[in-house]
Amino acid sequence: MKQDILARKLERMSDLPGLPSVVFEAIHLLHQPDITIERLSSSIQLDQAIVSKILRLVNSSFYGYQGKIGSLSQALVLLGFNTVRNAILSISILDIFSGIDKDDSFDPRLFWLHAIGTGVISQVISHQLKHPRVEDFFISGLLHDIGKLAIIKLFPEDFFQILKEVKEKDISIIEGENGMLGINHTEIGHRLARNWMLPIEIQEAIGFHHYPWNAKENRAMSATVYLSDCLCRALDIGYGGDSLVPEIDPKALTILGVEPLFIAGCLEEIDLEMERAKSFLNVFNY
Amino acid sequence: MTRAKEKTIPIEKLTPNMTLVRDITKPNGDLIFGQRGKLTESIIERLSRFGVSKVSVVVKEADEYRDPEFTNKKIKEIEEGLDYRFRKVNHIPLMIELKGLLFEHLKGKLIS
């Protein structure tokens with residue numbers, strides 16, 4: 001694709017809906033050291049559609065409080081600020097990308113299953129590595145492929161042509177995107193995450209999940225999402241646009257400080273957590 | 001029905017399907033194998049190569065009846081699925097190792 005056509009197409013990125021203002025508010029407030037539950041609650045309460053979805057999500061078996069959380073303040077007390085922030089982010093982003101129809105070559109449920117699988121595996125790896133904020137790793141994995149959704153929304157014809165070529169030539173989706181668009185979902189996702197002002201480490205995990213050694217803010221998070229994406233494909237969880245397991249670069253294992261055998265030690269926990277995480281999709285009627 | 005109990009045992013007494021209770025790390029702190037990981041034959045052999053002598057595990061003893069013909073068919077499907085997904089990286093040592101680890105895990109889930 002010629003550069004001028006590409007540039008024009010990318011300008012359409014602004015056609016994508018922005019995140020609701022309550023999301024920015026929540027992210028901004030969470031960075032203030034003196035934030036109180038009352039202040040945060042009253043800010044989020046302004047968007048009742050989000051509040052009802054938050055309550056549905058936090059009462060699903062994914063969080064382990066089935067039917068026990070009756071208010072936003074209670075969710076903040078029981079789950080903590082960070083988890084609620086991540087719930088708000090997930091809800092808003094899934095909303096933006098809702099309404100994509102199932103097609104012979106693309107099933108949105110399988111796409112989200114791949115996203116959730118990558119989130120769950122990222123969470124398990126960070127848990128095994130004793131990271132204190134495992135839910136941030138979940139959200140990074142969940143959102144790693146939003147660039148693909150942006151491509152579907154902005155250039156649907158190109159996307160379906162890419163899927164066709166990926167099958168015919170037996171190539172990876174990123175090779176197909178580079179060939180047809182001259183840009184791929186990691187770069188588009190990175191731009192989108194920057195436009196949305198997501199936390200920097202999440203921006204990086206989206207932008208560098210194919211080359212985590214380029215990350216600067218949180219290389220371990222990008223490497224975790226990279227490894228999780230590969231494992232999710234290897235375990236055949238959902239569908240990321242092609243049926244190939246990519247080569248894992250040992251540099252990613254070095255960043256994480258693990259041996260290859262470490263991966264085998266995560267598999268039991270991945271199986272357990274995947275069962276729980278499926279309720280996440282049910283909340284969004286996928 | 002499956003019964004489970006925790007034990008600390010020497011490496012030579014480990015058997016497949018036991019689940020680790022505590023992390024195994026190298027002296028420099030790198031994680032070799034994390035808690036809740038399930039053992040397979042090749043993992044046990046590799047752990048001994050790291051010089052591990054004793055580990056704490058949960059032993060699960062399965063007593064369900066399973067049709068061997070059905071199990072063998074499922075194992076073949078697992079193997080074929082992995083071969084297909086790994087078709088472009090089948091010559092890379094790290095990926096061959098990973099495929100083997102996944103195969104053992106998926107097979108273990110069927111027969112445990």
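Residues are numbered from 1 along each chain as its sequence is written, while chains are lettered from A and ligands numbered from 1 in the order in which they are written. The model scores ipTM 0.86 and pTM 0.82.

**Chain A overall**

- The secondary structure of chain A consists of 16 helices and 0 strands; helices (H or I, at least four residues) and strands (E, at least two) are DSSP runs, numbered from the N terminus.
- The C-alpha trace of chain A spans about 55 × 45 × 35 Å along its principal axes.
- Of the contacts in chain A with a separation of 6 or more, 64% are between residues 24 or more positions apart; two residues are in contact if their C-beta atoms, placed from the backbone, lie within 7 Å.

**Helix α13 of chain A**

- Helix α13 (residues 200–207) of chain A is largely enclosed by the rest of the structure, because 7 of its 8 residues are buried.
- The buried residues of α13(A) are A:E201, A:I202, A:Q203, A:E204, A:A205, A:I206 and A:G207.
- These buried residues pack against α8 (134–143), α9 (146–154), α12 (185–195) and α14 (219–234) of chain A.

**Two contrasting sites in chain A**

- A:A87 is found in helix α6 (residues 81–96) of chain A and counts as buried, because it has 26 C-beta neighbours inside 10 Å.
- Leaving aside neighbours within four places in sequence, A:A87 is in contact with A:I54, A:L57 and A:V58.
- A:Q66 is found in the loop between α4 (48–58) and α5 (72–79) of chain A and counts as exposed, because it has 12 C-beta neighbours inside 10 Å.
- Apart from neighbours within four places in sequence, A:Q66 is in contact with A:N59 and A:S61.
- A:Q66 and A:R56 are 10 residues apart along the chain, and their C-alpha atoms are separated by 9.3 Å.

**Chain B**

- Chain B has 3 helices and 5 strands, in the order β-β-β-β-α-β-α-α along the sequence.
- Buried residues make up 25% of the 112 residues in chain B.
- Residues 24 or more positions apart account for 69% of the chain B contacts with a separation of 6 or more.
- Chain B averages a pLDDT of 83, and 88% of the residues score at least 70; pLDDT is the predictor's confidence in each residue, from 0 to 100.
- Where pLDDT is low, the predicted coordinates should not be read in detail.
- Chain B is assigned domain 1 (2–62) and domain 2 (68–111), with bounds that come from an automatic or database domain assignment.
- The C-alpha centres of domain 1 of chain B and domain 2 of chain B lie 21 Å apart.
- 5 residues of domain 1 of chain B are in contact with 4 residues of domain 2 of chain B.
- The side of domain 1 of chain B that touches domain 2 of chain B has 1 nonpolar, 3 polar and 1 charged; Ala, Val, Leu, Ile, Met, Phe, Trp, Tyr, Cys and Pro count as nonpolar, Asp, Glu, Lys and Arg as charged, and the others, Gly among them, as polar.

**Interface between chains A and B**

- 25 residues of chain A are in contact with 26 residues of chain B.
- On the side of chain A that touches chain B, the elements giving two or more residues are α14 and α16 (261–283) of chain A.
- α16(A) gives the most to that side, with 9 residues.
- By class, that side of chain A has 15 nonpolar, 4 polar and 6 charged residues.

**Nonpolar core**

- The largest nonpolar core has 104 residues, and A:I54 and A:I88 have the most contacts inside it; such a core is a set of buried Ala, Val, Leu, Ile, Met, Phe, Trp, Tyr and Cys residues joined through C-beta atoms within 7 Å.
- α14(A) gives the most to this core, with 10 residues.
- Domain 1 (2–62) and domain 2 (68–111) of chain B both give residues to this core, so it lies between them.
- Not counting residues up to four places away in sequence, A:I88 touches A:V23, A:A26, A:I50 and A:I54.

How values were computed. This is a predicted model: local features need pLDDT of at least 70, side-chain atom pairs count only at pLDDT 80 or more; totals for chains, interfaces and linings use all residues. A residue is buried if 20 or more other C-beta atoms lie within 10 Å of its own, exposed if 12 or fewer, and partly exposed in between; C-beta atoms are placed from the backbone.
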